[in-house]
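Thanks for coming. I will walk through one structure, part by part, and you can follow along on the screen.

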Amino acid sequence: MSDAVSFEPTDWLDREDEVLAPYAMRTRQSRGRRHPEDQHPFRTLYQRDRDRIVHSTAFRRLMHKTQVLVTETNDHHRTRLTHTLEVAQISRTIARRLGLNEDLTEAIALSHDLGHPPFGHAGESALHECMAEHGGFEHNLHALRIVEVLEYRYAEFPGLNLSWEVLEAMALHSKRRDAPEIIEFVGVGQPLLEAQVADAADSLAYDAHDIDDALSVGLIAPDDLREVELWRRVLDAVKRRHVTLAPLHFQPTMVRYLIDWLVRDLLDHTLQRLRRDRIGSIADVRGASSPLAQPSPEMRTLKAGLEEFLKRRVYNHHRVQRMAVKGGRIVRQLFDEFCRSSRLMPERYARRVGTGKPERTVCDYVAGMTDRYAQDEFLRLFQPYTIV
Ligand code: MG
């Protein structure tokens, strides 16, 4: 065995200064964690954030949570987990090219959907209705609650004790700027570029994979997409490159070209913006008049056309709507039943009902469920003669 390599925790921090762009967030500039901790010998603050997110229960549950299609539809469409991994991968590519902090970008991308309840947006609006008189429900605020309060992996502190910058990215996603949990994060200006990149990657990832999944499960046919200009332009590019293309390879090639073009456009336009606005520091990023990591105006129009198509033909497709309506109903009925009798919840939650607002505890329990678990709970509660 060779001798152990000598390594100082500061080595990587020095390296950040060498490789990162002046507008990138450096670990040394972090506002740190709510509960101070010793430095790790070989992982930076943001590497640890990323690892904590991956090891959390909420992250593993993304595997069985709806992105657009409920998880039972088949075994190879996107779930929240695979969506999250695609966002993380695309975010890292963009971050590296822009000279941003890749670890921070990855941590933000991996955490961006942690607060989603079962059954996607239908589950979210059902819970929001249920909680109308008790502060409402929003997945971004709930994600903060998960990483600040609900995860219980560490004896030293509640939640995951993530860095201020990852929490900020989660908080600034929320539309509810008046919420008390958000207040400490507003007023610093635009989000960090690392957060802006994860946000832009989220949007381009779902545009591309929702089309892919919709084609794969037959909600739409390739010819339907001819009305979408962005798709037609990608098709022209694919035809230029491939004189013949086996039907088997058509869809994956189109989706790959689409992602590639969206990423290139985002990179080109963002680099142009950074140069044009002479962005040379974090302060410049914070002080910019609008987010800097954005697609070009032309691509924004093309993307909007694709998103209008997705809304009309995919998200509002009767098969998707049926799953959504059913999911919403399951969420509402579980919520009502647990509010009526908190003793029906597992002990850890039932115990908490006595100490705080019962509705919020029920909401935490239901929001944490996967699609699969929610359906099983529904059957256990309402179907006669099941094995408990
Ligand atoms: Mg997302």
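Let me begin with a question: where does arginine 278 lie? Arginine 278 is in the loop between helix H11 (247-276) and helix H12 (282-287). When I name a helix, I mean a DSSP run of H or I with at least four residues, numbered from the N terminus; strands would be E runs of at least two.

Before going on, some ground rules. This is a predicted model, in which local features need pLDDT of at least 70 and side-chain atom pairs count only at pLDDT 80 or more, while totals for chains, interfaces and linings use all residues. Residues are numbered from 1 along each chain as its sequence is written, and side-chain values use heavy atoms, with hydrogens and water left out.

Back to arginine 278. Its phi is near 50°, which is a positive value in a residue other than glycine. In general, most residues other than glycine have a negative phi. Arginine 278 counts as exposed because its relative accessibility is 71%. The cut-offs are these: buried is under 20% relative accessible area, exposed is over 50%, and partly exposed is in between, with a 1.4 Å probe and protein chains only.

Asparagine 161 also has a positive phi, near 50°. Asparagine 161 is found in the loop between helix H7 (139-150) and helix H8 (164-172). Is asparagine 161 buried or exposed? At 2% relative accessibility, asparagine 161 is buried.

Next, the metal site. Which residues coordinate the magnesium ion? They are His83 and His112, each through NE2, and Asp113 and Asp202, each through OD, at 2.1 to 2.6 Å. A donor here is an N, O or S atom within 2.8 Å of the metal (3.2 Å for Na, K and Ca), and water is not among the atoms, so sites may look incomplete. Along the sequence, the donor residues follow the spacing H-x28-H-D-x88-D. The two histidines, 29 residues apart, link distant parts of the chain: histidine 83 is in helix H4 (residues 80-98), and histidine 112 is in the loop between helix H5 (102-111) and helix H6 (120-130). Histidine 83 is buried because its relative accessibility is 0%. Histidine 112 is buried too, at 7%.

Helix H6 brings us to glycine 120, which is placed in that helix. With a relative accessible area of 1%, glycine 120 is buried. Contact means heavy atoms within 4.5 Å. Neighbours within four places in sequence aside, glycine 120 is in contact with Thr66 and Arg80. From glycine 120 to valine 362 is 242 residues in sequence and 18 Å in space, C-alpha to C-alpha.

Threonine 44 is in the loop between helix H1 (9-19) and helix H2 (45-54), and is buried at 5% relative accessible area. Not counting residues up to four places away in sequence, threonine 44 touches Trp12, Leu13, Glu16, Thr27 and Asp103.

Now the aromatic rings. How many aromatic pairs does a search of the whole structure find? The search finds six. Rings of Phe, Tyr and Trp (its six-membered ring) pair if their centres lie within 6.5 Å; planes under 30 degrees apart are stacked, over 60 edge-to-face, and the rest tilted. Phenylalanine 338 and tyrosine 365 have ring centres 5.2 Å apart and planes at 70°, so this pair is edge-to-face. Phenylalanine 338 is in helix H14 (residues 318-340) and tyrosine 365 in helix H16 (residues 358-368), so to speak 27 residues apart. Phenylalanine 338 is buried at 0% relative accessible area, and tyrosine 365 is buried at 5%. Tyrosine 365 also pairs with tyrosine 373: their ring centres are 6.4 Å apart and their planes at 80°, so that pair is edge-to-face as well. Tyrosine 373 is partly exposed, at 32%. Ring pairs join Phe338, Tyr349, Tyr365 and Tyr373 into a cluster.

Two arginines involve rings in another way. Arginine 31 lies over the face of tryptophan 164, at 4.0 Å from the ring centre. The charged end of arginine 52 is over the ring of tyrosine 154, 5.1 Å from its centre. A charge sits over a ring if NZ of Lys or CZ of Arg is within 6 Å of the ring centre and within 35 degrees of the ring normal.

Last, the domains. The domain assignment gives domain 1 (10-319) and domain 2 (320-382); such bounds come from an automatic or database domain assignment. Taken over C-alpha atoms, the two domain centres are separated by 27 Å. Their contact takes 36 residues from domain 1 and 26 residues from domain 2. Between them, domain 1 and domain 2 bury about 2,800 Å², 61% of it on carbon and sulfur atoms. Buried area is the accessible area (1.4 Å probe) that two parts lose on being put together, summed over both.
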